[in-house]
Every structure is written in C-alpha cells, then in structure tokens.
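Here is a short report on a protein and its ligand. Look at the structure first, then read on.

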Amino acid sequence: MEMSNLYIVGTPIGNMEDMSFRAVKTLQSVDAILCEDTRVTRKLLERYEINKPTISYHSQSKISKIDHIIEMLSEGKSLALVSDAGTPTISDPGSFLISKIREELPETLFVPIPGPTALATALSASGFPSSDFLFLGFLPHKKGRQTIFKEIGETERTVVFYESPHRFIKTLESLKEVIAPKRKIAVARELTKIYEEIKVGTVPEIFKYYEENPDKIRGEFVIIVSVA
Ligand code: SAM
C-alpha cells in the first residue's frame with residue numbers, strides 16, 4: 001500500500017487574492033480536489049489556472065463517497081480538501097471525513113495548508129481580548145438557543161459566532177436580554193469583500209445603526225461579544 005497525502009487547504013472568504021502561494025501550489029500538485037460545491041471551487045481554480053479534477057464532498061455525502069475517497073488514497077493518490085470559503089471543517093464539512101480516514105487509513109499524511117477563516121479575521125480587527133475566546137460556530141436555531149445565550153451572558157471570555165442575515169436582528173434582541181448594557185459587541189460583515197463593514201458598539205448602539213441602515217442587513221456576518 002502506498003503512502004497517501006490529504007491536504008486540508010484554506011481558501012479565501014471573499015477576496016480571491018487571499019489565496020496563498022502554498023495553497024495554489026498544493027492544488028496544482030494533487031491528483032484531485034474534494035470540494036463542498038464544485039461550481040464554487042471551479043471559479044477559484046480558473047482564476048489560478050489550476051486544472052485538476054474535482055470531486056464533490058459535502059455534509060450530505062453518503063458513506064459510499066467516503067469509501068471512494070479512502071480507496072483513492074489507498075491507491076497512493078494525493079487529494080486536497082477545500083470548502084466553499086475559508087478553512088475546511090470550521091463550520092464546514094470535512095471533520096467526519098478526516099476522522100474516518102484516520103481510522104481506516106492511519107498511515108495517511110494529513111497536511112493542513114493554513115488560510116483565511118472568518119472567525120480569526122473578524123477577531124483580529126475587533127480590538128477585543130483574543131488570547132482566550134469561545135467560538136460557537138452557528139448558534140442553534142431552536143433547541144438549546146436559550147441556554148447558549150445564557151452562557152454568553154455569563155461567560156468572562158470573548159465569544160465569537162457566525163450568523164446569517166435572516167437571524168441577525170433576532171440574535172441582537174436575544175443578546176440585549178442577556179448581556180450587560182455596557183458590554184460591547186462587534187459585527188463584522190462581508191469581510192474582505194467590496195462592502196466589508198466592521199461595527200463596534202454596545203447592543204443598543206448596534207441596533208440603532210442597523211435600524212437606520214436596514215439595507216446593510218445582508219451578506220455574511222460574524223458577531224463577537226467582548227468579555228463581561
Ligand atoms: N469555513 C468558513 C471559515 O473558515 O470561516 C466558515 C464557513 S460557514 C458555512 C459560513 C459562515 O462564516 C457565514 O455564514 C458567516 O457567518 C461566516 N463568514 C464566512 N465568510 C465571511 C465573510 N467574508 N465575512 C463575514 N462572515 C463570513
């Protein structure tokens with residue numbers, strides 16, 4: 001059995017120029033690229049003139065797809081895993097696949113190629129303490145939502161999470177109920193893209209801003225709550 005490599009490759013979160021040299025070189029070198037949505041990744045590959053076969057791998061992929069990937073690796077093929085944006089497995093598919101490969105093909109070499117991730121990008125510009133923070137991914141929509149807000153209200157850590165524009169106002173309302181009025185939050189929207197916007201203020205201040213600018217409740221959001 002040949003030694004196989006799986007590269008876990010970070011890709012841009014909006015601005016295509018945030019692709020690293022190493023990411024490009026890696027994608028040029030592998031036998032195939034596992035993509036969350038092949039159409040999304042194709043655009044990136046075209047931009048960097050990377051001509052490699054793509055294989056779709058997403059959260060709904062069946063176990064037979066994983067078996068196929070493991071078979072390719074066991075034949076000595078080298079593969080790269082990317083997601084639609086940012087770092088694979090960060091609120092994105094891939095960790096189950098990686099754990100399966102670790103179990104079934106432990107001799108595989110896993111090589112992470114670091115790249116952008118929305119949580120670190122947002123945190124870096126917030127000015128909030130970031131040596132000790134809690135990342136919650138997407139908050140639950142129903143079950144456990146109350147509990148998580150209670151925890152956010154009580155923690156003495158900076159808290160980072162992802163949010164969609166549809167739930168943004170509802171989430172601000174929930175935050176208002178649990179956090180001290182002077183505690184600041186940051187809303188990082190459309191990072192690295194044309195309409196990038198980072199707003200920092202208390203929840204009432206942020207509320208007021210979005211009430212006055214409802215057209216800005218669109219795109220992709222990271223919300224950060226400062227320490228208590
Ligand atoms: N793997 C990605 C990463 O490394 O950040 C996260 C993927 S997750 C499915 C998508 C969510 O990440 C979005 O709904 C948004 O909350 C956040 N996100 C991704 N890109 C963003 C951007 N350019 N600006 C703000 N938030 C972003």
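A nitrogen atom of the ligand lies 2.8 Å from an N or O atom in the side chain of Asp92. This is a predicted model.

| Residue | Part of the residue | Ligand atom | Distance |
|---|---|---|---|
| Asp92 | side chain, N or O atom | nitrogen | 2.8 Å |

How much of the ligand does the protein bury? Taken alone, the ligand exposes 570 Å². The protein buries 91% of that area. The ligand takes up the space of the largest pocket.

Now the shell. Around the ligand stand 19 residues. Asp92, Thr117, Ala118, Tyr162 and Phe221 are the closest. By class, ten residues of the shell are nonpolar, four are polar and five are charged.

Where do these residues come from? Strand 7 (158-163) and strand 10 (221-225) are the elements that each give two or more residues to the shell. Domain 1 (5-113) supplies at least three shell residues, and domain 2 (118-225) also supplies at least three.

Definitions and conventions: Residues numbered from 1 in each chain as written. Predicted model: local features only at pLDDT ≥ 70, side-chain atom pairs only at ≥ 80, totals over all residues. Heavy atoms only, no water. Near = heavy atom within 4 Å. Polar contact = N/O pair within 3.5 Å; in protein donor to acceptor, adjacent residues only side chain to side chain. Areas by Shrake-Rupley, 256 points an atom, 1.4 Å probe, with all protein chains shown as cover. 1 Å grid on protein atoms, 1.4 Å probe; cavity = no way out; pocket = protein on both sides within 12 Å on 5 of 7 lines; lining within 4 Å. Sits in = over half its atoms within 2 Å of the grid points. Helix = DSSP H or I, 4+ residues; strand = E, 2+ residues; numbered from the N terminus. Nonpolar A, V, L, I, M, F, W, Y, C, P; charged D, E, K, R; others polar. Domains from an automatic or database assignment.
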